[in-house]
Amino acid sequence: MASTNQSPFYQRAEEEFHKATTDEERISCLEIMIKECPKHKSSENMLKNLTNRLKKLNQSIEKQKKAGKSSKTGVKKADMQCVLTGFPNTGKSTIFKILTGLNPKISPHPFTTHQPQLGTFKFEDAPIQIIDAPAFPSHDKNFTNGTDTLLFVVDELSQIPKAEEFLYRTKAKIILIFNKEDILSENEKRKIKATLDSKYKKYNYHFFSQKPSIEELNNLKKEIFQTFPIIRVYTKEPKKEASKEPMILKVGSTFKDAAEKILKGISKKIKRARIWGPSSRFGGQIIGLEHILKDKDVIEFQTR
Ligand SMILES: Nc1nc2c(ncn2[C@@H]2O[C@H](COP(=O)(O)OP(=O)(O)O)[C@@H](O)[C@H]2O)c(=O)[nH]1
Ligand SMILES: [Mg+2]
């Protein structure tokens with residue numbers, strides 16, 4: 001692949017492609033290369049070549065998945081996952097502790113977090129997985145590129161442009177957390193806000209500090225929750241209460257998707273299904289497998 005005359009992003013992705021150690025990394029590089037590759041006649045072959053490689057890698061990953069091998073991070077990804085990311089000492093581990101109640105190492109020395117730490121917090125009744133991962137530049141690209149939502153923690157504006165080189169190829173939604181609000185004067189905070197609103201408009205930002213009020217904490221949780229394209233669906237057995245813990249499904253999921261998530265193959269054995277909640281015309285409506293569910297639906301079904 002000749003990379004001369006390609007965009008800097010292309011060249012960078014190509015470099016990283018050659019250094020990549022996992023198929024996931026190779027795929028994200030190729031996706032950028034394909035996006036950046038000029039779409040005219042003279043690069044047709046090159047584009048084809050890239051697309052073929054991508055296809056093969058995707059197939060190989062599918063195979064690995066079927067064989068039950070986990071990805072390189074060694075972390076089983078939950079339905080909703082977010083990763084704390086940013087430079088050392090910005091307060092990531094402190095936020096992890098506040099959200100999860102777990103005790104990671106917190107210290108004024110940079111790079112205290114060497115191993116990713118895994119935790120969970122709840123927004124309302126839905127569990128969200130959170131990972132306190134090593135700081136830039138020793139971050140794990142599989143986390144920053146592969147997670148659903150990045151909590152990008154900064155305590156200085158200058159960290160934003162510096163981080164972009166680590167974040168440019170992530171597929172995750174990003175919430176920028178401007179941390180250590182407690183040490184900012186009103187005037188400093190106002191200036192920072194103005195810069196975020198003008199120069200860094202693409203980020204949803206959130207001021208935070210180590211002693212948040214219940215309301216501030218809940219607002220952060222809610223904002224994180226809202227980045228996930230999911231719905232919560234509850235199951236119930238006839239004449240019983242609905243489950244307290246929801247199932248988490250992608251937006252647009254059908255009743256069949258829900259049933260299959262409970263038990264693979266079960267949808268073929270369903271005799272009757274009923275629904276209550278936002279997607280039902282009336283409580284207890286009988287539905288078919290293709291019925292599209294909405295957030296907070298309750299489903300009940302009997303099998304043959
Ligand atoms: N003033 C202030 N200091 C904080 C805050 N959050 C964390 N720190 C301090 O910043 C340092 C680094 O925190 P840590 O959570 O280990 O950062 P990490 O390296 O990003 O994980 C520690 O000395 C913390 O006590 C905050 O909201 N306000
Ligand atoms: Mg840390």
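Predicted model: local features only at pLDDT ≥ 70, side-chain atom pairs only at ≥ 80, totals over all residues.

Reader: OK, helices next. At what angle do α1 and α2 cross?
Author: Roughly 155°, with the axes of α1 (residues 8–19) and α2 (residues 23–36) coming within 9 Å. Angles over 145 degrees count as roughly antiparallel, so that's how α1 and α2 run relative to each other.

Reader: And is the crossing left-handed or right-handed?
Author: α1 passes α2 left-handed.

Reader: Which residues make the contact?
Author: From α1 you have F9, Y10, A13, E14, E16 and F17, and α2 brings R26, C29, L30, I32, M33 and E36. By class, that contact has eight nonpolar residues, four charged and no polar ones.

Reader: Switching topic: what's the strand order in the open sheet?
Author: It goes β8-β7-β11-β9-β10, five strands with mixed pairing. β8 (247–250) and β10 (285–286) are the edge strands, each pairing on one side only.

Reader: How many bridges between β9 and β10?
Author: Two, in the antiparallel sense, with β9 spanning residues 270–276. In that region, I275 stands opposite Q285 of β10.

Reader: Which helix packs on the sheet?
Author: That's α9 (residues 255–262), touching β7 (230–236), β8, β9 and β11 (297–303). The direction of α9 makes about 130° with that of β8.

How values were computed. Residues numbered from 1 in each chain as written. Chains lettered and ligands numbered in written order. Axes fitted to C-alpha atoms, helices over the stretch in contact; angles between N-to-C directions. Helix = DSSP H or I, 4+ residues; strand = E, 2+ residues; numbered from the N terminus. Parallel < 35°, antiparallel > 145°, perpendicular 65-115°, else oblique. Left-handed = near helix turned anticlockwise from the far one by under 90°. Contact = placed C-beta atoms within 7 Å. Nonpolar A, V, L, I, M, F, W, Y, C, P; charged D, E, K, R; others polar. Pairing = 2+ DSSP bridges.
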